[in-house]
Amino acid sequence: MRPETLNPLFVDVESLEGVGPKLRKPLEKLGLTRIRDVAYHLPDRFVERRVLANLDEASVGENVIVALTVREHRAPSGRGPFRVLAEDAAGNVCTLTYFGRASYAAKKQLPIGELRWVAGRIDQYGQMLQIVHPEHVSPDSAAPIGQQCEAVYPLSEGLTQGRVGAMAAQALKTLPDLPEWIEPGLIAKTGWPAWRAALSEAHRGMNALARDRLAYDELLANALALMLVRESNRAQRGTPLVGDGALRGRLRLPFALTGAQVRSIAEIEGDLAQAAPMLRLLQGDVGSGKTVVALNAMLIAVEAGAQAALLAPTEILARQHFDTLSRMLQGTGVEIALLTGRDKGRAREAILMGLLDGSIQIVVGTHAIFQDSVAYRNLALVVIDEQHRFGVGQRLMLTRKGRRVPHTLAMTATPIPRTLTLAQYGEMEVSKLDELPPGRQAIDTRVVAVERMDDVAGALARHIATGQQAYWVCPMVNESETEDLAAAESRYAALQARFGDTVALVHGQLRPEIKDAAMERFARGEASLLVATTVIEVGVDVPNATLMVIEQAERFGLAQLHQLRGRVGRGSEKSTCLLLRGAQLSETARQRLALMRETQDGFVLAEEDLKLRGGGELLGTRQSGDTPFRIATLEQITKLLPLAHDDARLLIERDGGLAGPRGEAARLLLYLFERDWGVQLLRSG
Ligand code: ADP
Ligand code: MG
């Protein structure tokens, strides 16, 4: 049970003033459901504004606060903006410009002849200075002047900076004082503020000490939890699985296994034969052939008379795994089933029955396969695919269904740098598929300026005419960003206008049935062009798709581009990847794209990505998807994780499993970051 001290932090957001049911959806999109989440919703950046005596001091592009007297309202001509002419103390005139509906409010806020304090960004408009959509307008100097350093929060549609800022301010007031869980020596050395102070400071300005402390907390919680899982795993008994090879002998694969596959299977076989539950990570670049390794592992379990489960992160992937595995299993007599959250009624009952009586030997599915209502006769191996998207520990907890802890094989296609492996998986055994199946052709990767869109469309037309398929990827940094979504939709419309019904669309905001239907159309070859956001990033396998166009490639991280590109080059035909780039590129972006052209080695790209992302570009870029962390950036992970890891080990080993005052504080930390499965293990193990 969660310690009472933390209760105020887990109160629902609706308890905050001004937050009602209407905001629930937009808040949920940002993961903000409780006070704790709001307190940890840190600003991306801060706008620094200078208070000016008059506009002579202003430079274009600068954020300022200045007092202006309103002189004239200029009604829009046609579809143009509404303009307000205003004058500073020195008689300089500047234009305040409003588009669309904002003009109505502006008209009221800026009556002619009145003095107003205005905060905004200075632009040039012809000969005149202008401020487009001032961020603050007030008759009273205190309000805008109070915004000399204003937080800019990540938003979702339906939320404003003002609203989120007010929520954060309220949330920060309710924070309890918590005992220190960080080692006193480290606090002394770094000068980090205490927890509560760190949170307040992180909302008030770009305070590196405060941010580091908060990141460290998150890393420490994660390291502790992973270590607790590992310790408890070591202490548990699993079922030793020894197969006689009969089923594996019946597999009729159209290829010979690579050396790396043979080695990995042998390593897994060795682990499975032990009573201690396996905890192994299978790391292999896209296309390295992890599926067949997983299949061999699962067949060992079945040969030994037990059941195996494969957990996929999405329904699309679960379905695809199911299809692939079913095909490979033909003629072996092994019963395999697919179970997702969408299965209802009789079909679902039949599967549940099969799992309970053991007639289904392998099940593939989403997290639905571990719901309480699903019982297994003898589940002894769980394969978790692509689970860098979840925290591994939580998944491990989820899989503990029976009296015995199942063996676990985690698979990831993300070649992550070594530091991150430790961050995400703790100290797991690792098998690496460092050898691609033979006959793979290099993917011809080119960087193309977006101005050459017509050429690209022409190339696409010729490509489709040969009967091969193609992907068109639109950037979507965050699936809630309406602008990106609109861009993807309109690109789809444009391509459909040119290529007709052979174009399909998938993005994260479509209903799952519609998404699946589009994917299936593409997988079956009925659609030749799939327009998609990054939802296709993981796992999708259509060997006939041999061209990929990635729009605004500079907006993607290297690791992500690599993942995406791995969707092509899966068949025997030569594949091409066109990276469309915008007109203005930062030096880092240029280097990134060049690297993509030069190498196809995911591990090299991952290490380089980490290096290139150092410095300013990283601050404020949330690393969602890349890491299991919400606070810690890649840079902080690199810097602080080794410390957190050692500290966690000391805490557990020296203090005998979180006893003593610091151990108590560390438990609070685990609850705070919802790594409390770690604490639960401590109790049961
Ligand atoms: P990933 O590691 O990305 O999950 P898959 O398991 O999907 O890779 O394999 C990618 C493709 O390579 C599949 O079409 C699979 O059938 C094929 N493949 C796997 N192993 C070999 C091999 N040893 N030789 C040739 N093709 C292989
Ligand atoms: Mg795969």
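This is a predicted model: local features need pLDDT of at least 70, side-chain atom pairs count only at pLDDT 80 or more; totals for chains, interfaces and linings use all residues.
Which side chain has a polar atom 2.9 Å from a nitrogen atom of ligand 1? Residues are numbered from 1 along each chain as its sequence is written, and side-chain values use heavy atoms, with hydrogens and water left out.

**View 1. Polar contacts of ligand 1 (pairs of N or O atoms within 3.5 Å).** The side chain in question is that of Q261, with a polar atom 2.9 Å from a ligand nitrogen. An oxygen atom of ligand 1 lies 2.7 Å from a polar side-chain atom of K290, and a backbone N or O atom of G289 is 3.1 Å from an oxygen atom of the ligand.

**View 2. The shell around ligand 1.** Surrounding the ligand are 16 residues (a heavy atom within 4 Å), of which the closest are A256, G287, K290, T291 and R440. The shell divides into five nonpolar, six polar and five charged residues, with Gly counted as polar.

**View 3. Helices α19 and α20.** The axes (lines fitted to C-alpha atoms over the stretch in contact) of α19, residues 558-565, and α20, residues 587-598, come within 10 Å and cross at roughly 35°.

Methods
Chains are lettered from A and ligands numbered from 1 in the order in which they are written. Axes are lines fitted to C-alpha atoms, for helices over the stretch in contact, and angles run from 0 to 180 degrees between N-to-C directions. Helices (H or I, at least four residues) and strands (E, at least two) are DSSP runs, numbered from the N terminus. A polar contact is a pair of N or O atoms within 3.5 Å; within protein, one must be able to donate a hydrogen and the other to accept it, and residues adjacent in sequence count only if both atoms are side-chain atoms.
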